[in-house]
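Colleague: I am new to this one. Please pick a single part, look at it closely, and then show me what lies around it.

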Amino acid sequence: MKFPMVDLHGQYLKIKDEVDAAMAAVIADSAFINGRAVTDFQQSLAQYLGCRHVVTCGNGTDALQIALLALNLQPGDEVITTPFTFVATAEAAAILGLKPVFVDVDPHTYNINVSQIEAAVTPRTRAILPVHLFGQCADMEPLLVIARRHHLFVIEDACQAIGAEYTFSDGRKCKAGTMGDIGCTSFFPSKNLGCFGDGGALFTQDDNLALCIRSIANHGSVEKYHHERLGMNSRLDTLQAAVLQVKLSHLDEYTVARQQAAMTYNRFLSDDERWQVPALSPNSTHVFHQYTLRLADGRLRADLQSRLKSAGIASAIYYPVPLHLQAAYANLDYRRGDLPAAEQLADTVLSLPMHTELSETQIAEICLSLKG
């Protein structure tokens, strides 16, 4: 593709000397597992987020599963979440025997519709799992009020929104992933903060939870060969941590580049009745992991994608089948029509290239091809 969805090579070339030196240092030290770069990165990310504890792990899906294990949720417990997200959010719960309970989304921000959460609470509900989708935070202040009222845990899926900032009514500002009991993120290469393979992390302000999370991610062990609980083997290797440490120092400039690209897209596209440009939450900054249009008529989507492809321009549909209609969750007995906003978005969204290397000239060409 002339214009791919992401340009990781272009991003690498700009920081090549820093990344190469960081990786060479790890190789020279040869501590490839749990080396110094892992501890350094955890401390740096905790400082960036304003969070007491960051615990790295193997990937974002592991992070979600570890969070659920750390909160001691039991088979049959219910977890309220969104149907309009990547499958890992619900999968991490279901694989542990928990029951995902889906609540519809806001058709403008695409995040969980907080006004519908309380009606979904039952005596078996133990947690709320919001997703900060496409780069901006779900409406956390009222969500946290509901959680406190019903004594529920809150696990934030911040895999697409690292660095996004939520403002509370009292003026307090918090980064995505630091407001609930546990936050989770992914360092998949295409994420806003991505490594050169798989990686993930959990965030918490709670000292005891941090100890439990570290133990679970390390075979249930705090002291070597002594295992206090069931755990798993999920760790970020030292080479990936070194890459992430370099990229973290550039994360704010990456965010600005994405925001500028989004505003340029808006300038070219906001006057067309065939689609709506991304809506901005009044309470959250947007770090634009994706730039996603909502088409007025979903029947346009195939034609638009074909037109873009002919011009060498990538596009993507996130997500064409909402989770409540996936075959893997048929046992939950959801039907089409149960969650209409999520279903409509699945039929009408279209994401355009979004990354740190996009120029105004490139965006103009993409938009010209899209508009026809």
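Modeller: Helices here are DSSP runs of H or I with at least four residues, numbered from the N terminus. Keep in mind that this is a predicted model. The part I pick is helix α6, residues 140–150.

Begin with its buried residues. They are Met140, Leu143, Leu144, Ile146 and Ala147. Buried means under 20% relative accessible area. Where do they sit around the axis of α6? They cover an arc of only 155°, which puts them on the same side of the helix. An α-helix has 3.6 residues a turn, so residues three or four places apart point the same way.

Next, the cover. Strands β4 (125–129), β5 (153–157) and β6 (165–167) are among the elements that cover the buried residues of α6. After the helix comes His151. The phi of His151 is positive, near 55°.

Now zoom in on Leu143. Which residues does Leu143 touch, not counting residues up to four places away in sequence? They are Ile112, Val114, Ile117, Ile128, Pro130 and Val154.

Pro100 is buried, with a relative accessible area of 3%. That value is under the 20% cut-off, so Pro100 counts as buried. Which residues does Pro100 contact, leaving aside neighbours within four places in sequence? The list is Val79, Ala90, Ala94, Tyr329, Leu332 and Tyr334. Gly76 and Pro100 are 24 residues apart in sequence. In space they are 9.6 Å apart, C-alpha to C-alpha.

Ile27 is found in helix α2, residues 16–29. Ile27 is partly exposed, with a relative accessible area of 48%. Together, Ile27, Phe32 and Ile33 make a nonpolar surface patch of about 260 Å².

Note on methods. Residues numbered from 1 in each chain as written. Predicted model: local features only at pLDDT ≥ 70, side-chain atom pairs only at ≥ 80, totals over all residues. Heavy atoms only, no water. Buried < 20%, exposed > 50% of the residue type's maximum accessible area, 1.4 Å probe, protein only. Helix = DSSP H or I, 4+ residues; strand = E, 2+ residues; numbered from the N terminus. Arc of directions from axis to C-beta. Contact = heavy atoms within 4.5 Å. Patch = residues over 30% accessible without salt bridge, like charges linked within 9 Å, V, L, I, M, F, W, Y side chains within 5 Å. Areas by Shrake-Rupley, 256 points an atom, 1.4 Å probe, with all protein chains shown as cover. Salt bridge = Lys/Arg side-chain N within 4 Å of Asp/Glu carboxyl O.
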